[in-house]
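Look over the sequence and the model, then read the points below.

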Amino acid sequence: MLSSLSRPRALALCALPAAALFAVVALAPLPYVIAQPGTTADVLGEDKGREVITITGAPVRPTTGQLRMTTIVATGPSTEVDLGDVTDAWFRTDRAVLPHDSVYPTGTSDEEIEKHNLGQMQQSQDAATLAALDHLDLDPAKVKVTLHLADIGGPSAGLLFSLGIVDKLDGDGDGGDLTGGKTVAGTGTITPDGKVGAVGGVSLKTQAAARDGATVFLVPKDECSDAEAERPEGLRLVPVTTLNDAVESLRALGQGQESKVPSC
């Protein structure tokens, strides 16, 4: 009986079930996803030996500088995340802990998520092309744009695709590069009429951008506070709501008119 044991011995025995329970909790999978900064890609350059943006039916200009789309990497829907993973990520600025159901619909497999993300990427590319050509008053029936970016899904590269098309066709409108020769990064969905939408994971994407040399980051205006939360030193945040906003801000930066450029 417990009453016949010495107090230290009794306390030790009482602690055993609690320790076992903690061990089970620590090893049990939890309903969370761990995200971190992913790769970036220059939409003005090449991806696996192919131009990211190929245009026919209109003169294409050479470009300098870079327009880098940004990504995050998250554990998959079937990946088990335990207490140790969550605890480690919680105290790191280059990790984010997200509820599983806010990232992945219940019951979806890794293959289904990949297929869904690739479908979103295709829709994003189509919208980006229409937005850019509309901005430049060019006829989509006469100008053909092909976008290639392997192994990356989701809609968040839309804004950068549009800017890449604009830079290749028109630059800053005065004979110079839209980037001003700088490394510019950013994120944002886009609609065919040029509206920029929020994407999520912005604070991780700014870290990826700074890591890969960007000094300017274009961010959907509604996500300014998230971007500011973990903004790397030396990275300027420029809020945008439309493709036109982004183009005008980059033109002003390239011309040294920084006072005309909004900041988060």
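Buried means under 20% relative accessible area, exposed means over 50%, and partly exposed lies in between (1.4 Å probe, protein chains only). By that scale P155 is partly exposed, because its relative accessible area is 29%. This is a predicted model, in which local features need pLDDT of at least 70, side-chain atom pairs count only at pLDDT 80 or more, and totals for chains, interfaces and linings use all residues. Residues are numbered from 1 along each chain as its sequence is written, and side-chain values use heavy atoms, with hydrogens and water left out.

**Overall build and confidence**

- The protein chain has eight helices and 12 strands. Helices (H or I, at least four residues) and strands (E, at least two) are DSSP runs, numbered from the N terminus.
- Of the 264 residues in the protein chain, 42% count as buried.
- The protein chain exposes about 13,600 Å², and carbon and sulfur atoms supply 54% of that area. Accessible areas come from the Shrake-Rupley method with a 1.4 Å probe; for residues, only the protein chains shown count as cover.
- Among contacts in the protein chain with a separation of 6 or more, 77% join residues 24 or more positions apart. A contact means heavy atoms within 4.5 Å.
- Mean pLDDT for the protein chain is 86, and 84% of its residues reach 70 or more. The pLDDT is the predictor's confidence in each residue, from 0 to 100.
- Residues 1-5 have pLDDT below 50; beyond near neighbours in sequence, this stretch has four contacts in the model.
- Residues 18-26 also have pLDDT below 50, with five contacts in the model beyond near neighbours in sequence.

- Side chains of opposite charge can pair when their charged atoms come close. A salt bridge here is a side-chain nitrogen of Lys or Arg within 4 Å of a carboxyl oxygen of Asp or Glu.
- The whole structure holds 11 salt bridges.
- R61 pairs with D167, with the closest N and O atoms 3.4 Å apart. This pair links distant parts of the chain: R61 sits in the loop between β4 (53-56) and β5 (66-74), D167 in helix α5 (residues 158-170), 106 residues apart.
- R61 also forms a salt bridge with D177, at 3.1 Å from N to O. D177 lies in the loop between α5 and β8 (183-186), 116 residues from R61.
- R61 and D167 are both buried. D167 counts as buried because its relative accessibility is 0%. D177 is buried too, because its relative accessible area is 17%.
- Leaving out residues up to four places away in sequence, D167 touches L44, R61, T63, L67, D177, L178 and T179.

**A salt-bridge network**

- D88, R92, D94 and R95 are linked in a network of salt bridges.
- Within it, the side chains of D94 and R95 meet at 3.1 Å, N to O. D94 is partly exposed, because its relative accessible area is 22%.

**The disulfide**

- How many disulfides does the structure hold? There is one. A disulfide is a pair of cysteine sulfur atoms within 2.5 Å.
- C224 is joined to C264, S to S 2.0 Å. The link is left-handed, with -65° about the S-S bond.
- C224 lies in helix α7 (residues 224-229) and C264 in the segment after α8 (243-254), so the link ties together parts that are 40 residues apart in sequence.
- C224 is buried, because its relative accessible area is 13%. C264 counts as partly exposed, because its relative accessibility is 35%.

**Nonpolar cores**

- A nonpolar core is a set of buried Ala, Val, Leu, Ile, Met, Phe, Trp, Tyr and Cys residues joined through side-chain atoms within 4.5 Å.
- The largest such core has 43 residues, of which L159, F161, L163 and L218 touch the most other members.
- Elements that each supply at least two residues include β4, β5, α4 (110-135) and β11 (216-220). Helix α5 gives the most, with seven residues.
- Leaving aside neighbours within four places in sequence, L163 is in contact with L67, L178, L218, L243, A246, V247 and L250.
- A second, separate core of 10 residues includes V202, A209, F217 and L235.

**P155**

- P155 sits in the loop between β7 and α5.
- Not counting residues up to four places away in sequence, P155 touches Q120, S124, G188 and T189.
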